[in-house]
Every structure is written in structure tokens, then in C-alpha cells.
Amino acid sequence: VRDNYDPQVLVGYDKIVEDLKSETPSGRLAILSGPPGTGKTFVVRALMKEAPTVTFVMVPPHMVSSLADPEILPSLTSLREDIAGPILFVLEDGDSCLVARNKDNMPSIQAILNLGDGILGSVLDIRILATTNADKLDLDPAIMRPGRLSAEVRVGPIGTDHADRLLTKLVGKDSKAEWETKPTLAEVYLKARELGWKPTGKKKKVPQLVAVSG
């Protein structure tokens with residue numbers, strides 16, 4: 001729901017969608033950052049709807065460093081033979097593969113760089129979306145290089161006026177809450193439930209989704 005997010009989030013989101021749909025993206029890596037409850041997961045879900053030709057591959061943090069291993073290549077090649085669109089690796093809690101390189105995260109960073117704009121990533125049309133809950137990351141300079149980064153989107157709490165507008169829209173009548181600080185999207189929806197709002201269940205088409213395990 002676009003009304004749930006601030007304008008700068010929507011600009012970044014639209015840039016990611018544009019690059020996902022492009023055969024010649026301005027960057028193959030996108031980053032979603034922000035505290036828990038701000039709606040990052042819903043942004044990922046929206047991308048699945050906006051880019052139906054993309055195959056989403058969910059990657060747990062401990063598997064990131066293995067993505068560029070020779071053992072993974074046959075699986076990626078087989079997957080590429082079965083699909084037509086890009087392959088998007090979704091790295092949840094991807095802090096370790098984004099921060100400045102050290103001896104602990106060097107393999108993860110190298111895997112991201114190789115897949116982000118290396119030969120393997122280009123041939124197999126691999127894209128990467130990393131999410132993080134960190135307030136601020138000391139991003140590795142190589143991650144930020146033009147041509148590699150599509151967009152860095154900060155999804156934060158929303159203003160109280162914005163929150164009240166969303167609350168009114170959800171509840172169906174003029175509604176306000178006593179927000180002590182800028183609320184997260186999760187807090188707005190919780191307040192709406194308390195005021196009687198109920199989500200409507202809709203049957204949704206399941207996107208092309210793959211999980212990496214190991």
C-alpha cells in the first residue's frame with residue numbers, strides 16, 4: 001500500500017522495480033534498511049507482485065558466503081534453464097555482507113560483489129536484495145560503487161500526522177492516537193485492530209519462490 005510509506009521510500013522502491021524489469025539495470029544490488037516493524041517485509045512482498053517474471057531466492061545469512069562457490073553453480077545453471085526472468089537473491093538480515101570488509105565477513109562481501117556485477121551475475125542475470133534492521137551501517141565502499149548499487153532505501157517510522165491519516169483510512173472514521181514517538185507501520189496497524197479494523201483475507205498468486213538451504 002503506497003500510502004503507508006514516505007515519499008523517499010516510494011522513490012527508492014520505484015527505482016528497484018525499474019531495475020528489476022530492465023535487462024540493463026543501473027545496478028544489481030538493492031538495500032532495504034530500517035528498524036523492525038517499519039514495513040520492509042511488505043516492500044519485498046510488493047516487489048514479488050510488481051515483478052512477476054522474477055524468481056525470488058530466499059537466502060539465510062549463514063549461506064551468503066557460499067553463493068559464489070563452485071558447488072552452487074550447477075543449481076543456479078539448472079534454475080536458469082527453467083525460468084525466463086532474473087533471479088533475485090533476498091538476503092534477510094544481511095548486515096554481515098554489507099559492512100566494511102574484515103577477516104570475518106570477507107567471503108560474504110566477495111560473494112556479493114561477484115554476483116552483483118561479476119561475470120557469473122551477468123550471465124545468469126542475478127540480482128540481490130539485502131535487508132537489515134541496523135540504524136546505520138558502515139557500508140563497504142565497493143558495495144556503493146556506481147553501476148553496482150541500484151538503490152539504498154531507508155524505511156523508518158512515519159510522522160504522527162501520517163500515522164493518523166492511515167489510522168483514519170483503516171478504521172473508516174476520523175481517528176487519532178496519542179503517539180509518544182513516531183510510530184512504526186506495525187504500531188499503526190496494531191492500533192487500527194484495537195479500534196475495530198480487521199484485515200481482509202485475499203487469495204494471492206504464489207510468486208516464483210525458491211529457498212536456499214544448507
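Contact, in this presentation, means heavy atoms within 4.5 Å. The model shown is predicted, so local features need pLDDT of at least 70 and side-chain atom pairs count only at pLDDT 80 or more, while totals for chains, interfaces and linings use all residues. Residues are numbered from 1 along each chain as its sequence is written, and side-chain values use heavy atoms, with hydrogens and water left out.

Let me turn to the chain as a whole. Its secondary structure comprises seven helices and six strands; helices (H or I, at least four residues) and strands (E, at least two) are DSSP runs, numbered from the N terminus. Along the sequence, their pattern reads α-β-α-β-α-β-α-α-β-β-α-α-β. The chain has 214 residues, and 46% of them count as buried, that is, under 20% relative accessible area with a 1.4 Å probe, protein chains only. Of the contacts between residues at least 6 apart in sequence, 76% join residues at least 24 apart.

I come now to Lys40, which lies in helix H2, residues 40-50. Is Lys40 buried or exposed? Lys40 is buried, at 9% relative accessibility. Setting aside residues up to four places away in sequence, Lys40 touches Leu32, Ser33, Gly34, Pro35, Thr132, Asn133 and Val155. With Gly34 there is a further detail: the Lys40 side chain reaches the backbone oxygen of Gly34 at 2.9 Å.

The second residue is His162, in helix H6, residues 160-171. His162 is also buried, with a relative accessible area of 11%. Apart from neighbours within four places in sequence, His162 is in contact with Asp3, Asn4, Tyr5 and Asp6.

Technical notes:
Buried means under 20% relative accessible area, exposed over 50%, partly exposed in between (1.4 Å probe, protein chains only). A polar contact is a pair of N or O atoms within 3.5 Å; within protein, one must be able to donate a hydrogen and the other to accept it, and residues adjacent in sequence count only if both atoms are side-chain atoms.
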